Amino acid sequence: MHRTPRANLYLGLVCLVFAVAIAGLWVPFDTDSGLLETVRRRVSIGDALAPTIAAFFIGFGGLLLMVSDRNANDQPALSAVHLRFIVALVALLVVVFSVMRWTGPLAVALVGPEEPYRILRDTAPWKWLGFAAGGVLLVTGLIAAIERRMSLRAVLIGLGVVLALIAVFDLPFDDLLLPPNGDV
Amino acid sequence: MKKLLLAAALSLSAFAANAADWTPPGPIKLMIAFAAGGGADTQARLIAEELEARMGWQFIPEQVTGKGGLNLAAAIKDMPNDGSVIGMVVTESLGYNMRAADAGMTPEQFTPIVTTAGFQMAVVSLSSKGWNSFADVVEAAKGGADLRFGTMSPKLSDLAYLLGEANGVDFNIVQVRGGRAVMDGVNAGDMDLGFMAGIQAKGVAAGDLVNLASALSEPLQQTPDAPTMADLGVEFVADGYFMFIGPAGMPEDARAALSDAIAAVAEDESTKAGGIIKKAFGGASVIKGADLDALVASDYEAAGALLKAASE
Amino acid sequence: MGVLDYIWLGVLAVFQGPEIGLLGLALPVTPVMILGGFLLGIMVGATPGLAGPMAMAISLPILISTFGFNPDALLPVFGFLIGVMKGATVGGAVPAVLFNTPGTPDAFMTTLDGYPMTQRGQAKKALRVAHFSSASGDTFSDLVLIICAPFLAVLVEAYLDLPEKTALLILSLAFIASVIGGSVGKGLIATGLGLLAAYVGTGEDFYPRLSLGTEALAQGFPITTAVLGVLILGEVFKGLDDLWTERLTNQRYEGAAAHGDQTLSRGDLKRIFPFIGRSALIGTAIGALPGVGSTLAATLGYTVGRARHAKTRTDDTPAFGDGAMEGVAATEAANSSVSGANLIPVLSLGIPGNAAAVFLILAAESIGGFNPGPSVFKFSTDSVNPELVIAFGIFTAMFIANALNWTIGGVFMRSMGIMIRIPKHILLPSVLLLTLTAIYVQETRLSAIWFAIGFGVLGYVMRRLGISPLPFVIAFILGSNLEETARQAFAATGGDPFFLFSSLTASALMLLTLIVIVFSLRPKKEPTLT
């Protein structure tokens with residue numbers, strides 16, 4: 001039995017709803033001036049006009065998908081597998097960057113000198129701790145996930161990539177900061 | 001009385017010693033409110049470079065652009081005030097812009113440190129237009145020409161509007177992003193005249209551009225004969241400076257040490273930073289300490305009157 | 001200052017720039033950077049899973065940190081990026097010919113005849129054909145660029161006022177939305193999303209619009225996060241997903257033993273030359289239109305070549321698809337001749353047409369001092385226009401890259417078969433960390449990383465749904481420009497609501513916009529490749 005693909009219909013619908021929400025809610029409530037404004041006794045274009053036009057593009061595109069492309073032959077869709085993957089990946093990235101953000105300050109608080117981490121954010125070796133921990137976690141974690149096993153090789157590759165990045169971005173330049181050292 | 005003087009002298013010398021002794025607790029984050037690669041950004045980075053060489057301090061420059069310096073102000077407001085975070089804006093940021101935005105920020109939330117250079121703000125047009133002074137512009141407009149007046153900030157747009165109003169003409173005010181864009185627009189013929197804050201110096205010297213009026217309280221250095229805003233019937237001016245700021249409550253020793261060091265570089269024309277300041281603005285304009293506090297406060301106050309005048 | 005003086009200054013700017021010590025010799029830095037970029041470009045082009053834009057994205061922050069934010073940095077950085085762009089175009093053919101795996105998307109058509117040649121033992125010869133055709137197409141395209149861009153810019157500056165410039169931007173966006181990706185609906189959605197992202201935090205009011213009251217959004221999305229997120233991270237996420245789902249970790253690639261003469265004879269050249277010529281014209285014409293990429297050029301060049309070949313072929317030569325060297329030539333000449341012509345809209349109008357052009361604009365934006373657009377080509381006579389010197393410096397850099405391509409490109413390219421052995425499941429996580437680090441180093445705040453990851457997810461979803469990410473990126477770049485020009489045009493005309501139709505030129509451009517949209521909305525037959 002041949003089922004009509006629905007991907008374009010759903011995508012179009014989502015875009016249309018999104019566009020209406022932007023133009024009807026987000027833009028009016030989150031801009032200071034309207035579509036047109038009177039400034040210095042002249043009518044001029046307000047801050048709301050451009051985003052409203054962007055919303056119109058999204059909505060019109062959605063409408064086209066729902067109407068003229070509804071029965072197109074090729075309708076790629078997001079499967080549950082894809083969604084699971086991307087959620088898992090983002091979760092991993094959240095963990096990675098939390099580790100990156102807090103490893104340095106934690107290490108300084110536990111075993112470091114008196115100064116807070118902020119003062120040491122450009123002092124070796126403290127400045128590398130967070131980046132190294134998070135970076136190795138990211139690279140090694142992904143390699144291990146794809147290989148479906150943890151290996152020493154994956155850890156070594158993670159370390160190698162981190163060291164290479166430190167060598168490229170940090171050692172030659174005085175005024176560059178590796179993550180997370182601009183935020184601390 | 002004697003005791004008091006002694007105490008004052010002591011505290012003064014202690015203060016001076018402190019300023020000389022002060023060193024930043026760590027690397028200094030230098031926020032820059034101007035687009036990378038532009039004249040203002042270059043000035044900030046060159047000052048930092050020179051200070052690294054002179055003082056051994058370390059700077060980490062960072063772009064925080066947008067909203068006429070208000071994005072930088074919002075970002076720096078809650079940072080540590082020990083001198084380890086400073087930012088470069090224009091006086092207009094804490095003056096007109098902060099007043100007009102009305103977003104809960106006031107100049108009291110910041111420590112003004114020092115100014116480096118004052119704008120040579122002028123009304124400029126192509127010399128091929130045939131205008132020699134602002135009176136010629138007014139005449140052309142009265143003769144029926146639709147004139148486009150380029151500006152680069154809301155404050156300047158207000159001034160352009162008031163200039164027109166005071167002279168009985170109506171300009172089409174075209175506001176663009178950055179002084180460079182005004183110059184490009186005037187050069188390309190997209191605008192008939194516009195405000196320029198110093199980048200016109202080379203073009204005026206070469207004879208391509210002409211300073212029609214000074215937008216300052218004083219005559220221009222390059223074209224002293226051009227009328228000032230007051231001559232043209234406008235009681236507001238576009239005087240403005242590049243200014244370094246920090247979060248409120250910065251200790252006096254840190255503030256003094258930073259302002260002295262930055263001023264020394266800006267005033268030294270043999271440094272790269274001092275050199276470009278000389279070229280574009282005719283030399284450094286250093287204002288610091290209580291004078292600067294007073295300037296920032298009065299700018300903020302004056303902005304209210306300008307906003308009111310331009311909305312009438 | 002005449003035109004020739006400017007050309008000469010541009011050439012001098014390349015050769016007399018800052019110097020770099022190498023092997024005891026003081027060499028001007030720009031040519032060295034061009035060489036470095038070119039070799040790197042061939043390597044990444046030859047590595048499936050990497051591509052030119054990715055290498056450009058990753059090297060940009062390193063380059064900017066090395067050379068600083070000043071006009072002196074422009075030529076070395078542009079030189080490197082141009083080298084990468086050209087190298088990747090050549091390198092993409094290597095795995096396509098040797099292992100039936102395109103190194104870059106536009107080398108797909110190269111596999112059709114290149115791999116059968118390899119199977120017949122003619123791998124080296126196929127690579128030689130690919131290199132010769134690629135270098136020819138590229139050089140031709142650069143010539144067209146150098147002749148056309150200044151004229152177009154001068155015309156634009158002389159005849160287009162603010163309303164016309166607005167109309168031109170609208171036309172470009174409409175064209176990009178309709179043409180890329182096949183479906184107008186999806187193109188419009190991508191364009192709309194790109195515009196929307198560009199409008200967050202920007203605008204003329206002091207309140208940063210659409211920022212939801214947050215400080216992170218008040219500064220808007222940095223251009224690097226949107227461009228690298230959608231173009232690079234989206235692609236990396238998709239690659240990781242494929243590896244994870246399909247459990248592909250190790251694939252073996254086998255070459256084939258060589259048979260017979262591998263050199264290109266005079267007769268061979270005579271046979272492929274007409275195909276190169278036709279494809280170079282097609283590629284250049286397509287490249288000059290913003291948004292129509294090298295993949296379409298390759299397809300079109302191949303299709304036209306095949307039709308021609310079917311008519312003229314003798315029985316003893318292979319047909320297209322069976323390992324005809326004319327097929328390799330037709331494809332490679334077409335996709336390589338896109339890159340030069342693609343810089344015509346970039347340099348003369350500031351409108352990027354493909355991913356490589358996007359990165360050149362990104363470099364110019366990041367460094368400052370060079371604003372691609374018609375004002376670049378202002379031939380001022382009594383004072384030097386530094387941007388024009390840079391423009392001619394860029395042209396010089398392109399010709400140095402071409403010279404390198406003709407001389408050492410072929411040899412280097414033929415040694416790159418080894419790049420396919422780099423396992424993708426190690427490459428992609430490394431590229432991910434590298435890209436995120438590069439973004440952070442430029443923006444120095446973690447919110448930028450979160451934006452980039454968010455745009456990466458968007459890029460991933462768009463790829464899964466068959467929405468091309470390119471209209472998003474181009475709309476993002478042009479978004480502020482479009483709004484500002486429209487605002488200025490509206491103000492300059494004294495608030496005329498019909499300013500887009502205020503002149504004949506503006507009306508004509510708007511009419512063209514309408515034609516583009518209506519034309520692409522018509523139901524069309526899917527082009528078939530069989």
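**Backbone geometry, strand pairing and chain contacts**

In chain B, residue D102(B) is placed in the loop between α4 (91–101) and β4 (110–118), and in this predicted model its phi is near 50°, a positive value in a residue other than glycine. D102(B) has 10 C-beta neighbours inside 10 Å and therefore counts as exposed, the limit for that class being 12 or fewer.

Another leads from P179(A) to P180(A), with omega near 5°, and P180(A) is placed in the segment after α5 of chain A.

Chain A is divided into domain 1, covering 7–67, and domain 2, covering 80–170, and the centres of these two domains, taken over C-alpha atoms, are separated by 40 Å. Helix α1 (residues 7–30) of chain A has a kink of about 40° centred on I22(A). I22(A) is itself one of the buried residues of α1(A), which also include N8(A), L11(A), G12(A), C15(A), A19(A), V27(A) and D30(A).

The contact between chain A and chain C involves 59 residues of chain A and 55 residues of chain C. On the side of chain A that touches chain C, at least two residues each are supplied by α1, β2 (42–45), α2, α3 (80–111), α4 (126–147) and α5 (152–170) of chain A, and the largest share, 11 residues, comes from α2(A). The residues on this side of chain A divide into 41 nonpolar, nine polar and nine charged. The contact between chain A and chain B takes 12 residues from chain B and eight residues from chain A. On the side of chain B that touches chain A, the elements giving two or more residues are β2 (59–63) and α6 (154–166) of chain B, and β2(B) provides the largest share, four residues. The residues on that side of chain B comprise eight nonpolar, three polar and one charged.

Within chain B, five strands form an open sheet in the order β7-β6-β8-β5-β9, with mixed pairing. Strands β7 (172–175) and β9 (209–214) of chain B stand at the edges, each with a single partner strand, so one side of each is left without a neighbour in the sheet. From one strand to the next, the twist averages 30°. Strand β6 (residues 148–151) of chain B pairs in the parallel sense with strand β8 (residues 193–196) of chain B over two bridges, and G150(B) stands opposite G194(B) in β8(B).

Helix α19 (residues 470–492) of chain C lies across β6 and β7 of chain B and runs at about 170° to β7(B). Strand β7 of chain B contains N172(B), which counts as buried because it has 22 C-beta neighbours inside 10 Å, where 20 or more are required. Leaving aside neighbours within four places in sequence, N172(B) is in contact with D146(B), L147(B), R148(B) and F149(B), and also with A491(C), A492(C) and G494(C). Although N172(B) and L147(B) are 25 residues apart in sequence, they are 6.0 Å apart in space, C-alpha to C-alpha.

Terms used:
Residues numbered from 1 in each chain as written. Chains lettered and ligands numbered in written order. Predicted model: local features only at pLDDT ≥ 70, side-chain atom pairs only at ≥ 80, totals over all residues. Contact = placed C-beta atoms within 7 Å. Nonpolar A, V, L, I, M, F, W, Y, C, P; charged D, E, K, R; others polar. Pairing = 2+ DSSP bridges. Axes fitted to C-alpha atoms, helices over the stretch in contact; angles between N-to-C directions. Bend = angle between axes of the 7 residues up to and from the residue. Domains from an automatic or database assignment.
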